[in-house]
Amino acid sequence: MFKKVLAVSMLFVSCLSGFISASACAADFSNHKVAVVYFTLLQNREFSSNDPQADKKAGNAEILADMIAEGTGGDLYSLKTVKKYPSDYDETVDLAQEEQDANARPELQEIPDMSSYDTVFISFPNWWGTYPMAVATFLDKVDLKGKNVIPVCTHEGSRMGRSQRDLENALPESNVLDGFERRGGSVADDADTKEAVTEFLNELEL
């Protein structure tokens, strides 16, 4: 028994001292049922012929969602709209603003069932300062009352924008934790991004 306690104590000290990798000190999610929901433009847009994005395997929000699912043992769910966004990026930007101005709720192909989960990560790109309105559709359709909800945001310089506050306002009866943000251009740097995600997960207090 003494040896077991000593081993745990040594592991704790090692984590604090940085003597072992961050992944070895990952937070324990074994007592939580985790869902990782994400929205990425790559899965929700039309593609024109010879579109350079057509061969891209995953969007930034999906990459972060995959890492979080791996780190927590969570189940992945992709939000897909019935109507695709335009292939032209500028047109998509304009449409996203129109949706926000109208407080629109784009129809989703499927609403994932969140009833069995107590912790829900939501990964999304920052569109005009907050989460895309397709995420708002998801929030309206599911009951997240009493659950831990953690926003995960990709951006190109605007960080979380007001998405943290908007999520708290949309879910007053949920435990909305401080979110994670990552610049989109940095997400592809797997080693640095994984380290940042692991550190974020380690610091969560559920």
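Start by selecting Asn148, which counts as buried because its relative accessibility is 11%, where buried means under 20% relative accessible area, exposed over 50% and partly exposed in between, computed with a 1.4 Å probe on protein chains only. Before going on, note that this is a predicted model, in which local features need pLDDT of at least 70 and side-chain atom pairs count only at pLDDT 80 or more, while totals for chains, interfaces and linings use all residues. Residues are numbered from 1 along each chain as its sequence is written, and side-chain values use heavy atoms, with hydrogens and water left out.

**Around Asn148**

Asn148 is found in strand S4; helices (H or I, at least four residues) and strands (E, at least two) are DSSP runs, numbered from the N terminus. Leaving aside residues up to four places away in sequence, Asn148 touches His32, Asp118, Thr119, Val120, Asn175, Leu177 and Leu206, contact meaning heavy atoms within 4.5 Å.

**Helix H5**

Next select helix H5, residues 163-170, whose buried residues are Ser163, Gln164, Asp166 and Leu167. These cover an arc of only 165 degrees around the axis, which puts them on the same side of H5; the arc is that of the directions from the helix axis to the C-beta atoms. To see what covers them, display strand S3 (119-125), helix H4 (133-141), strand S4 (148-155) and strand S5 (175-176), which are included in that cover.

**Gly74**

Move to the loop between H2 and strand S2 (75-78), where Gly74 lies. Gly74 counts as buried because its relative accessibility is 15%, and, not counting residues up to four places away in sequence, Gly74 touches Val34 and Ala69. A distance drawn between the C-alpha atoms of Gly74 and Phe121, which are 47 residues apart along the chain, comes to 9.1 Å.

On a 1 Å grid over the protein atoms alone, a cavity is a set of points where a 1.4 Å probe fits but cannot get out, and a pocket is an open set with protein on both sides within 12 Å along at least five of seven lines; lining residues have an atom within 4 Å of a point. Grid points are joined across faces, edges and corners, and a volume is the space filled by probe spheres set on the points.

For the largest pocket, with a volume of about 670 Å³, select Leu41, Tyr89, Pro125, Trp127 and Glu156, which lie nearest its centre among the 26 lining residues. H3 gives the most to this lining, with 4 residues.

For the largest cavity, with a volume of about 30 Å³, select Ala96, Glu99, Gln100, Trp127, Tyr131, Pro132 and Met133, which line it. Helix H3 (residues 89-101) gives the most to the lining of the largest cavity, with 3 residues.

**The whole chain**

Finally, show the protein chain, whose secondary structure comes to 7 helices and 6 strands. Buried residues make up 44% of its 206 residues.
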